[in-house]
Amino acid sequence: MQNITRLSAIPLALLLLSGCAANSQQTPLQDGSDVALGQKAMVDGPIVQPVEVLEDSRCPMNARCIWAGRVRVKMIWWRGNGEKQPFEVTLGESTPLADGAIRLESVRPEKMTNVTLKPSDYRFSFRFDGGM
């Protein structure tokens, strides 16, 4: 009886593993206007993926601050040959990438003093300005 139970567990394990493999090969979003952490997006050419918010020191909407703060995000550039190249972007700044520069244009939602943002809450908008 134990052998039958073990044998029936093998297809289940293979099915679960195939789901993990399919998830890592996700189709990129067609633009970079509403990208969540972990999602791949084609941003006017390059395929990029935000993987971690390194810093979110933005001034909350319902507070007064001396400094506006900034957002830094760890990214992956999925090169055409399948290689992954890590890089970092900062809100409002251009970062050299491929034959041009990528810019993190916006981060949503706005920060509030009474709300703690979870990684799954973040959405990013990117723009790529290609080279000549």
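The following legends describe close-up views of a predicted model.

Figure 1. Apart from neighbours within four places in sequence, the residues in contact with Gln49 are Gly38, Gln39, Lys40, Lys74, Met75, Ile76 and Trp78. Two of these names, Lys40 and Trp78, return in the next view.

**Figure 2. Lys40 over the ring of Trp78**. Lys40 lies over the face of Trp78, at 3.8 Å from the ring centre. Both Lys40 and Trp78 are in contact with Gln49.

**Figure 3. The salt bridge between Arg108 and Asp34**. Side chains of opposite charge can pair when their charged atoms come close. A search of the whole structure finds eight salt bridges. In one of them, the side chains of Arg108 and Asp34 meet with an N to O distance of 3.0 Å. This pair links distant parts of the chain: Arg108 is in strand β6 (residues 100-108), whereas Asp34 is in the loop between α1 (2-24) and β1 (41-42), and 74 residues separate them. Arg108 is partly exposed, at a relative accessible area of 29%. Asp34 likewise counts as partly exposed, at 43% relative accessibility.

**Figure 4. The salt-bridge network that includes Glu55**. Glu55 forms a salt bridge with Arg70, with the closest N and O atoms 2.9 Å apart. Here too distant parts of the chain are linked: Glu55 is in strand β2, Arg70 is in the loop between β2 and β3 (71-78), and the two are 15 residues apart. Glu55 has a relative accessible area of 16% and is buried, whereas Arg70 counts as partly exposed at 35% relative accessibility. A further salt bridge joins Glu55 to Arg72, with the closest N and O atoms 3.0 Å apart. Because Glu55 lies in strand β2 and Arg72 in strand β3, this pair ties together parts that are 17 residues apart in sequence. Both Glu55 and Arg72 are buried. Through shared partners, salt bridges join Glu55, Arg70, Arg72 and Glu88 into one network.

**Figure 5. The aromatic cluster of Tyr122, Phe124 and Phe126**. A pair of aromatic rings is described by the distance of the centres and the angle of the planes. The structure holds two aromatic pairs. The ring centres of Tyr122 and Phe124 are 5.9 Å apart and the planes are at 5°, so this pair is stacked. Phe124 and Phe126 form a tilted pair, with 6.2 Å from centre to centre and 35° between the planes. Together, ring pairs link Tyr122, Phe124 and Phe126 into a cluster. Tyr122 and Phe124 are both buried, and the relative accessible area of Phe124 is 0%. Phe126 counts as buried at 7% relative accessibility.

**Figure 6. Antiparallel pairing of strands β5, β6 and β7**. Strand β5 (residues 94-97) pairs with β6 in the antiparallel sense over four bridges. Within this pairing, Pro96 has Ala101 as its bridge partner in β6. β6 also pairs in the antiparallel sense with strand β7 (residues 123-129), over seven bridges. The bridge partner of Ala101 in β7 is Asp129. β5 and β6 form a hairpin with two residues between them.

**Figure 7. Backbone geometry at Asp44, Ala98 and Pro109**. Most residues other than glycine have a negative phi, and most peptide bonds are trans. Asp44, although not a glycine, has a positive phi of about 50°. Asp44 lies in the loop between β1 and β2 and is exposed, with a relative accessible area of 57%. Ala98 also has a positive phi, of about 55°, without being a glycine. Ala98 is in the turn of the β5 and β6 hairpin and is partly exposed, at a relative accessible area of 48%. The peptide bond from Arg108 to Pro109 is cis, with omega near -5°. Pro109 lies in the loop between β6 and β7, while Arg108 belongs to strand β6.

Terms used:
Residues are numbered from 1 along each chain as its sequence is written. This is a predicted model: local features need pLDDT of at least 70, side-chain atom pairs count only at pLDDT 80 or more; totals for chains, interfaces and linings use all residues. Side-chain values use heavy atoms; hydrogens and water are left out. Contact means heavy atoms within 4.5 Å. A salt bridge is a side-chain nitrogen of Lys or Arg within 4 Å of a carboxyl oxygen of Asp or Glu. Buried means under 20% relative accessible area, exposed over 50%, partly exposed in between (1.4 Å probe, protein chains only). Rings of Phe, Tyr and Trp (its six-membered ring) pair if their centres lie within 6.5 Å; planes under 30 degrees apart count as stacked, over 60 as edge-to-face and the rest as tilted. A charge sits over a ring if NZ of Lys or CZ of Arg is within 6 Å of the ring centre and within 35 degrees of the ring normal. Two strands pair if DSSP finds at least two bridges between them.
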